[in-house]
Amino acid sequence: MNTIILSCPTLKGELLAALKQAQNTTPVYFLPKELHSSPDNLRKYVQDFIDRLHNVDRVVLCVSGCGGGTTGLKATTAEIIVPRTRDCVDILLSNREGEDKRKRRVYMTKSWYDYHQDSALNLDKLIETKGKEEAENFIRTLYKGFEEFYIVDTGTYDIQEIMDGLKPFIEVLNGSFKIVKGGYSILHKIAQQDFDDCFEKVAIGASVPPNFYPENPKE
């Protein structure tokens, strides 16, 4: 079966590691970073991508629930397979206990950190445009209640680099960070083409249903 993968760039390191381990050479396309913050634009982009496919039997979406950004996508040219998870964090933490404890925390990996550094929320960029005091107050207001940062150790990058990079940001929040293990078994299943009941399968002509991900995702 002719398959391609369309993935959020925040999963890049882990997805490529899983594919390499499985010796899987399936073509991978990464979404533009700016779509991450706009579910509507994400849906339009992905639908257009699917509509333009030729000689493809199956497209695996590594973008998950993502704020509803995949709901309603129609399988116009190929079967769609999408993880039955709420977002990329669920994918990274798959096979880890305690998913229900993630509500008031910010999770980071190398790819997430790179995305954050390129965004408008980069502390240095904010200080340049707003000044130090206003920038720090803005960050405290924006992240109020989210002072705990969890670095997901997937074994694909240098943890210390992320800790050092986050330190000034966390100091502004008077926050803290911890390290948790991320098994990203969903990505390993994709690499092994093991599309079990952790995935929603959408046949040609059908659409991705609303709320296709369970309240408590499978581990």
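On a 1 Å grid over the protein atoms alone, a pocket is an open set of points where a 1.4 Å probe fits, with protein on both sides within 12 Å along at least five of seven lines, and lining residues have an atom within 4 Å of a point. Grid points are joined across faces, edges and corners, and a volume is the space filled by probe spheres set on the points.

The model is predicted, so local features need pLDDT of at least 70 and side-chain atom pairs count only at pLDDT 80 or more, while totals for chains, interfaces and linings use all residues. Residues are numbered from 1 along each chain as its sequence is written, and side-chain values use heavy atoms, with hydrogens and water left out.

**Exercise 1. Describe the largest pocket: how much space lies in it, and which residues lie nearest its centre?**

Step 1. Start with the volume: the largest pocket holds about 760 Å³ of space.

Step 2. Now look at the lining, which has 30 residues. Nearest the centre lie H36, V89, V106, Y107 and W112.

Step 3. Find the elements that give two or more residues to this lining: α2 (39-51), α3 (88-93), β5 and α4 (110-118). Of these, β5 gives the most, with four residues. Helices (H or I, at least four residues) and strands (E, at least two) are DSSP runs, numbered from the N terminus.

Step 4. Sort the lining by type: 20 residues are nonpolar, five polar and five charged. Here Ala, Val, Leu, Ile, Met, Phe, Trp, Tyr, Cys and Pro count as nonpolar, Asp, Glu, Lys and Arg as charged, and the others, Gly among them, as polar.

**Exercise 2. Trace the sheet that contains β5: what is the order of its strands, and which of them stand at the edges?**

Step 1. The order is β5-β6-β7, an open sheet of three strands with parallel pairing. Two strands pair if DSSP finds at least two bridges between them.

Step 2. β5 (105-108) and β7 (176-181) are at the edges; each has a single partner strand, so one side of each lacks a neighbour in the sheet.

Step 3. Follow the bridges. Between β5 and β6 there are four, and Y107 has Y150 of β6 as its bridge partner. Strand β6 (residues 148-153) is joined to β7 by six bridges; F149 is partnered by F177 of β7, and I151 by I179.
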